[in-house]
Each structure stands twice: as C-alpha cells, then as structure tokens.
Amino acid sequence: MTKAFHPYRPTAIAILNGVGRALGWRANLTPDNLIASARKRTGLVDFGEDDFRPALDQLCSSAIQDANMHPFGRWIFRKRLLDMLATRLRVQDLITQHPEILDLPIEPPLVIAGLQRTGTTMLHRLLAADPATRALASWEAVNPMPHPKEEPGNPQWRIKQARTAEKGLKYLAPEFFSIHPVEATAPEEDVLLMEYSFLSQVPQATLHLPLYSAWLSKQDMRPAYAYLKVLLQVLQWQRPGQRWVLKTPAHLENLDVLLAVFPNARIIQTHRDPQRTTASFSSMLAHGFGVFSDQVDAPRIARDWLAINANMVEAAWQVRQQHPQAFMDVSYYDLMKDPMTQVERIYAFAGITLSDEARAAMEASRQVNKQNRHGKHNYTLEEFGLSREEVERSYATYRERFNIPHE
C-alpha cells in the first residue's frame, strides 16, 4: 500500500522556512547572479571554456520553475551551485599557472558501474583500501581545490568542512545514512565531480527537475567526462596515486563516452535482484528529495527512476557488445559471501598484482565498513506505489541476461 511520504524536518529548519516564506525570501538562482557572485568571491574572472553555461542555464531554469524548494533548500542549492562555479574558476587559475597538470597521465582506472544498492559502495571501499589505489574522498568531492590558506599536503580545512557537511546531512535527514553512508574521509562517487560540469544525474536525484532531466537525456556527455578527467588530474597533482578506482551507477548510461575518455578502463558491473535494489533506491531518493522540499511525491520519483535505471542497464548492454573485453561481472551475493575472492577476480581481470599489503588493508577495511553499521532500513516496493510485476517487466531482459536470482 502506497504511503504518503512526509520529509523529516528539524524544528529549527521548519521555523526558518516559515520565516523565509513570511518574508518572501528566495535565494537568487539566476545564472548571471551566480557567476557574478563566484567571481566576486574568488577574485577571478576566467572560466576557460564556457561550455558549461548551457547546462547551468537549463539547470537553474528548471530549478526555478519546477523544484518547489523550501527557502532553506533553495539556499542550500544556491550555495552548491556557487561553490561549483568558484571551483571552476580556481581550477582554471591553477591550470593557467601549472599547465603541466593537463599532461598528467590517468592510468586505465577500475570503474565500478552497477545499479544502486548492488554492493557498489562496499566494493568501492574495499578496492580503495589498496595503498596503490587512488579513490575520490568525500572531502575532495566537496572541495577539489585547496583552500587559499591551506598548506600544500595538509587538507585539514577541507576535511573539517566535509565533516561539517556530513553532520549537516545527518541533522537534516538522519535516516539517509542507514541507506547510503556519506562520510567525510571515505571514498565517494565521482558523479559528484561530474556535477561541476552541470551535466550529471545529481540534481535530478535530489530535486524535481523535469525540464532539466528531459534536456539532459539528449545531451552529448563528452564535456562532462572531459572535465571529470581534468578534475582527476588536478586531484592527482595534489595527492598522487598509482591508479584510480571510480564508482557511480550513472556511468551505466555513458560507458561509450567513458571508454573514449579513459581508454582501456576496466569496468566492473555489479548485479542484484532489481526487486530489492528498486525498493531501497526509491527510499534513498525520497529522503534525498526531502532535504530540499516539503512536497515529495515518492511514487512519482520511484517510477521516474525505475524508467531511468532500466534504460541505463540497456545502454550499458549496447556498449558491452562493442567492448566485451572491458567488462566483468560481480554478483552481489558472491560479494557478500566472499569479498576477497571477488577482489582477486577483479585484480586478475585488470592485470593487477594483489600485494600482501593491499590484502591486509582490505581486510582491515572490511572490519570498519560493515553492512548496516549506520542502522538497518526497511522498505517495500508498495510503499512507493510500485508492484513486483511492474519492476519485473522493466528488468526482465536484464535479469535473464545476467542470470540474476530472486532474493
């Protein structure tokens, strides 16, 4: 039975929203204002290529027209857009001073690309524990560029900022962490770096943006992946690593572009019963939307993303036909049963030696990153207006292709 979703709202935020509405306060989301504010904040004017502008325009327009954010949510959204624009200015300034950054090689990365809730976070953290592996840390996703007062090699200011953001999310949506942990120093999804191009799934996974979503589905994603590579080079310049391990379900719909930008990448596709992943991810989405808006239509969100995800696995399959050597599969159930055996399979597939040091680090990581350590979250498809039959129809071909069992 479908349940009405009522976002959790701390009393202080509810009062703040009430005052904001009474005063008619609305954070300015016009692109020109955001760009001017970013330039004023940084004292910089040069964005380099301005190919991000159409995406920014579409995102802001859709947010203003459709997102129905409460005042505090609108302020959070503006702050994030402003932070991203300021980062682009600082990145361009750094590259102007150090053009050699763009010559840094990005060795063929390991790319974890499975649907949400298929064990990708566990596998990501496991692989990232290898000292020879470079993963995006959550604090780097929030602030890829050093703070002006930060000493080289000492990112404590950024880590502190990320811890504050972590606490803020726990305050605003305490149940979110039982679904998907967001921790300042832990590995994070690189889709958050793609957000800096304003071409990513992140906005539509947290806000009602039908105009932006429709526009995004028709875009060439090469600028997003090209800028992802630039940001990886900037991060590698700050903190070197032998190889990157990337992870985000969003890659599933753009694997052809990813392989064009990162030739010889090795892609690990994880699989789990879609009946379970759909219910879990629908819950995660509803809680994420609830951070920004008081009006969360959970069934609509669940149905929209059921279609998006079904299209993503089909897009991934089409790319697999052209690049079969680039892919390997990992079953969620095999991963839960014996993680290290799956790691050994991945390293053999990628031609990487699994050192004793890496193995020990991974075993230590397993003890820290245990399943459900932030609490267990219960959910059903019916709570989000979906039926088992509807989900089964959407994923029937996918289940058959990969012989995915029913939980």
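Helix α18 spans residues 388–402 and bends by about 60° at Y395. The bend at a residue is the angle between axes fitted to the seven residues ending there and the seven starting there. Helices (H or I, at least four residues) and strands (E, at least two) are DSSP runs, numbered from the N terminus. The model is predicted: local features need pLDDT of at least 70, side-chain atom pairs count only at pLDDT 80 or more, and totals for chains, interfaces and linings use all residues. Residues are numbered from 1 along each chain as its sequence is written, and side-chain values use heavy atoms, with hydrogens and water left out.

Stay with α18. Its buried residues are E390, V391, Y395, Y398, R399 and F402. Buried means under 20% relative accessible area, exposed over 50%, and partly exposed in between, with a 1.4 Å probe and protein chains only. After α18 comes N403, with a positive phi near 50°.

Now step back to the whole. The protein has 18 helices and 5 strands. Its C-alpha atoms fill a box of roughly 60 × 60 × 40 Å, taken along the principal axes. Of the 407 residues, 53% count as buried. Among contacts with a separation of 6 or more, 80% join residues 24 or more positions apart. Contact means heavy atoms within 4.5 Å.

Next, the empty space. Rolling a probe the size of a water molecule over the atoms shows where empty space is left. On a 1 Å grid over the protein atoms alone, a cavity is a set of points where a 1.4 Å probe fits but cannot get out. A pocket is an open set with protein on both sides within 12 Å along at least five of seven lines. Lining residues have an atom within 4 Å of a point. Grid points are joined across faces, edges and corners, and a volume is the space filled by probe spheres set on the points.

The whole structure holds 2 cavities of 30 Å³ or more. The largest cavity has about 70 Å³ of space. Both α13 and α14 give two or more residues to its lining. The largest share, 5 residues, comes from α13. The lining includes T277, F281, W305 and Y395. Y395 is also where α18 bends. By class, the lining of the largest cavity has 7 nonpolar, 5 polar and no charged residues. Ala, Val, Leu, Ile, Met, Phe, Trp, Tyr, Cys and Pro count as nonpolar, Asp, Glu, Lys and Arg as charged, and the others, Gly among them, as polar.

Turn to the second largest pocket. Its space is about 380 Å³. Of the 20 residues that line this pocket, Q204, S213, L216, S217 and E253 are the closest to its centre. α10 and α14 each supply at least two lining residues. The largest share, 4 residues, belongs to α10. The lining of the second largest pocket has 10 nonpolar, 8 polar and 2 charged residues.

L199 sits in the loop between α9 (191–194) and α10 (210–216). L199 counts as buried because its relative accessible area is 7%. Leaving aside neighbours within four places in sequence, its contacts include Y212, W215, L216 and A55. L199 and A55 are 144 residues apart along the chain, yet their C-alpha atoms are separated by 6.3 Å.

Helix α5 (residues 120–128) is mostly covered, with 8 of its 9 residues buried. Among them are L123, H124 and R125. In helix α11 (residues 222–238) lies Q233. Q233 counts as buried because its relative accessibility is 3%. Not counting residues up to four places away in sequence, Q233 touches I101, L102, D103, L104 and I106.

Helix α4 (residues 71–97) holds G73. At 0% relative accessibility, G73 is buried too. G73 touches V291 and F292, with residues up to four places away in sequence not counted. G73 and I13 are 60 residues apart in sequence and 9.7 Å apart in space, C-alpha to C-alpha.
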